[in-house]
Amino acid sequence: MPLLTTHVAHIWKPSSGFLLPSIHAAPPFFTQQPNPQTQAVVTQNWTRLILSYARHRRLYMIRAEDADVPGSEWDEVLRNPRINRRLLSPHLSAILADMVAKGHAVYEPPRQTSSVLLYWRTPEEWAQVLYDWANSTGQLNTIMTFYEIIEPPVPSPLSGIPLPILRKAVSVLTKSNRAQIIAVSDGEGVRFLAGNPGK
């Protein structure tokens with residue numbers, strides 16, 4: 001256990017520019033631990049690392065199989081060639097299950113357990129980002145399609161956001177009377193309501 005909590009190594013900065021924590025250089029970090037308390041610490045550190053990396057790279061999905069795919073977009077986190085270690089897919093699957101149980105992710109698509117949609121921002125945080133964006137771009141009281149939000153003409157903090165996350169954010173806004181769902185001819189739409197910017 002001390003190696004997992006006190007190991008000091010050089011912080012490594014891979015090509016993405018993300019600073020990997022020193023624990024990423026500890027070989028036990030990549031192995032499922034037999035002691036439940038030790039494994040809980042490992043899982044907590046992996047959760048923090050996955051969410052931080054996802055936010056840095058604007059990644060929304062991770063699959064258990066990503067641990068087995070050299071060169072995947074998750075490769076620099078799930079592998080450490082300097083110590084010849086990689087996270088195995090059963091270990092990653094257990095970490096993802098813990099993340100889902102703790103509300104840091106949801107299985108996507110539903111009714112399977114190998115890929116998750118990551119909440120590096122909670123639906124409530126996304127709702128605030130969405131409302132702030134609508135307010136700052138003059139979209140209040142305007143009907144917008146979900147596509148216009150996901151693929152705006154000018155890049156925004158919402159560019160590329162997965163539809164399930166956008167739906168959850170809009171749901172948060174509708175419950176707080178800051179938006180309403182509108183049926184539009186080419187799919188779903190939303191009207192952002194002015195006068196109630198409260199969170």
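Select R79 and D75. Their side chains meet in a salt bridge, with N and O 2.5 Å apart. A salt bridge here is a side-chain nitrogen of Lys or Arg within 4 Å of a carboxyl oxygen of Asp or Glu. R79 is buried at 17% relative accessible area, while D75 is partly exposed at 21%. Buried means under 20% relative accessible area, exposed means over 50%, and partly exposed lies in between (1.4 Å probe, protein chains only).

A word on the model. It is predicted: local features need pLDDT of at least 70, side-chain atom pairs count only at pLDDT 80 or more, and totals for chains, interfaces and linings use all residues. Residues are numbered from 1 along each chain as its sequence is written, and side-chain values use heavy atoms, with hydrogens and water left out.

How many salt bridges does the structure hold? There are six. Select R63 and E65 next. Their salt bridge spans 3.7 Å, N to O. R63 is partly exposed at 36% relative accessibility. E65 is partly exposed too, at 33%.

Now pick R86 and D68. Their closest N and O atoms are 3.3 Å apart, in another salt bridge. This pair links distant parts of the chain, 18 residues apart. R86 sits in strand β3 (residues 85–86). D68 lies in the loop between β1 (61–63) and α3 (75–78). Helices (H or I, at least four residues) and strands (E, at least two) are DSSP runs, numbered from the N terminus. R86 is partly exposed, with a relative accessible area of 32%. D68 is also partly exposed, at 39%.

**On to the strands**

Select residues 179–184, strand β7, and then β8, residues 187–192. Which way do β7 and β8 pair, parallel or antiparallel? They pair in the antiparallel sense, over six bridges. Two strands pair if DSSP finds at least two bridges between them. Look at the turn from β7 to β8: a hairpin joins them through two residues. Then select A183. Opposite it, in β8, stands E188.

Which residue of β8 is the bridge partner of M144? Select V190 to see the partner.

Last, show the side chains of the strands. In a regular strand, side chains alternate between the two faces of the sheet.
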